[in-house]
Amino acid sequence: MRKMKRLLVLGGITLASMMAAAQNPIICDRYTPDPAPYVHNDTLYLFVDHDEDVTENNYFTMKDWLLYSTVDMVNWTYRGTPLTGETFKAWAKTDNDCWASQCIERNGKWYWYVTATIKGEAYPGIGVAVADHPAGPYKDSIKKPLVKGWFKIDPTVFIDDDGQAYLFYGNNMLWYAKLSKTMMAIVGGENEVKTKDEKAFGPYKGYNDDGTPKTNFEEASWVYKRNGKYYLEYAAGGVPEHWAYSTADKITGPWTYQGKVMGLADNSFTIHGGSVEFKGHHYLFYHNGKLSGGGGYKRSTCVEEFTPNEDGSLPFIKYTAKGVAPLQTLDPYAPQEAETINQCQGVKCMGDYTGCYVTNISSGDYIKVRNVDFGEAGAKVFTAKVKAEQKGSMSVRIGSKTGTIKGTVSIEPTNGEWQDVTCELRTPITGVCDLYFTFSGNGSSLFDFDSWQFSQDPLAIQAPKTVNSQLSTLNSYDLSGRKVDVQSKKSILIVGGKKIYNKEKLK
Ligand code: FUB
């Protein structure tokens, strides 16, 4: 990893500018396969698996599941690693095989269905962990798999209009089962969907070793309903996989094959994801192997926007490096999490539901935040909340990672405390632009970075100041859907000696 970081820095402007233009993959600090998006209120949560960045990589190395979120589709906030193999230690192998998953909210509880390998066996099972917040903490309350057996992987969960929830899962074979109201038990047994039915899943290609025809349906099922029609998207065509879909008038089928939605994933023999509607736009999430150093076992989430055809059918969606357009601007005068990132180089996000931050910052690394609206009057002061063991600095640039430096905060060791450091900008930043934070110092692990904020008030300038040692946490929401901070129940950034409470207190 360190070596890769050095190469990227030495790669110079050409590589940097090429990377800056690309928006896919959308998560830059880790490999994030098998995306499962979920829309709740004004936020899109992205539940993903995690391919480890290991040198010997001739099979999947997957130890945990991650969560990111966005409100604008271009800046993604790391929300922690809420599940690991250990979460399911009662029945699953804990050190690997944390495979595809999907999470759903019901009556204020979050149910995250995962694939893991049964302890002491070679075959998989599907478990569920439950939490009060999307970022956790999650518990495996039933301490056993919901279903287990060969080919039982890749759960997709769906709640129909009558309140009945369903789980679909399978590789080459496909099953569905009703879930109980608790969402933590199967009721009425498992039902097999005949994947060899060409009318339902499309023509097969080739034969298995035992002479039986291969199925076009491969794995990664993704079920939803739109305008009264049921959609089943899935990885198809054997390996390498492409993305296809079938539809039905009833959730129990019969399914009718509709065709390809996306071609073979770039630099990955698998494809996995699903489509969602968010703020009036339709998005298809999928993975490829295009993040630096990536490949078939180091896959990353990407997203494309599409418009369903008038008859409800899905268009063929081409994958792009460009990705999607922002849905809204980001407010630099409100406290923002450092781990809200559009693109980055070298850094890593850490933390959990109590708060996250950016770490592993080396000289030459950068973070890009896209589509930031500074307004006409413009920003005059920059404040960052950091924790440092050595000297370093962070510069604010506009437009590119080598763009004009607008201001630089000097960072001194902070004795293990979080500190606000401020600087006056050389000239005000105005209008809507892409913001870059670039980091300098001697070597690696320069400092940790929790949050940032701009001010239009020159009086906001102050000497470095120790602040609440608690990490700032992203808003969650109360029962009426208003945003609140889960931990401190309020914003904790202090600017110009004044506390800024821009988040409402939890009632
Ligand atoms: O990520 C591990 C496995 O690869 C998933 O469960 C499959 O869908 C494929 O993406």
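**Ground rules.** I number residues from 1 along each chain as its sequence is written, and side-chain values use heavy atoms, with hydrogens and water left out. As the model is predicted, local features need pLDDT of at least 70 and side-chain atom pairs count only at pLDDT 80 or more, while totals for chains, interfaces and linings use all residues.

**Confidence.** I looked up pLDDT, the predictor's confidence in each residue, from 0 to 100. The protein averages 89, and 88% of the residues score at least 70. Over residues 1-20 the pLDDT is below 50, and beyond near neighbours in sequence this stretch has 19 contacts in the model (contact: heavy atoms within 4.5 Å). Residues 476-507 also have pLDDT below 50; beyond near neighbours in sequence, that stretch has 92 contacts in the model.

**Ligand site.** The surrounding residues are D34, F60, M62, W99, A100, D154, E219, T270, H272, H287 and R299. I sorted this shell into four nonpolar, three polar and four charged residues. The classes are: Ala, Val, Leu, Ile, Met, Phe, Trp, Tyr, Cys and Pro nonpolar; Asp, Glu, Lys and Arg charged; the others, Gly among them, polar.

I then checked polar contacts, meaning pairs of N or O atoms within 3.5 Å; within protein, one atom must be able to donate a hydrogen and the other to accept it, and residues adjacent in sequence count only if both atoms are side-chain atoms. A side-chain N or O atom of D154 is 2.5 Å from an oxygen atom of the ligand. For H272, the distance from a side-chain N or O atom to a ligand oxygen is 2.7 Å. R299 places a polar side-chain atom 2.8 Å from an oxygen atom of the ligand. Taken alone the ligand exposes 270 Å², and the protein buries 99% of that (Shrake-Rupley areas, 1.4 Å probe; for residues, only the protein chains shown count as cover).

**Strands.** I used DSSP runs numbered from the N terminus: helices are H or I with at least four residues, strands are E with at least two. Two strands pair if DSSP finds at least two bridges between them. An open sheet holds four strands in the order β6-β7-β8-β9, with antiparallel pairing. β6 (99-106) and β9 (147-148) stand at the edges with a single partner strand each, so one side of each lacks a neighbour in the sheet. Within this sheet I followed β7 (residues 109-117) and β8 (residues 124-131), which run antiparallel and are joined by eight bridges. W110 has A131 as its bridge partner in β8.

I also looked at β24 (residues 348-352) and β25 (residues 355-359), an antiparallel pair joined by five bridges. A hairpin of two residues connects β24 to β25, and D352 stands opposite G355 in β25.

**Backbone.** The N24 to P25 peptide bond is cis, with omega near -5°; P25 lies in the loop between α2 (12-21) and β1 (36-40). The bond from G136 to P137 is cis too, with omega near 5°, and P137 is in the loop between β8 and β9. N267, a residue other than glycine, has a positive phi near 65°. I placed N267 in the loop between β17 (256-262) and β18 (274-278).

Conventions: Near = heavy atom within 4 Å.
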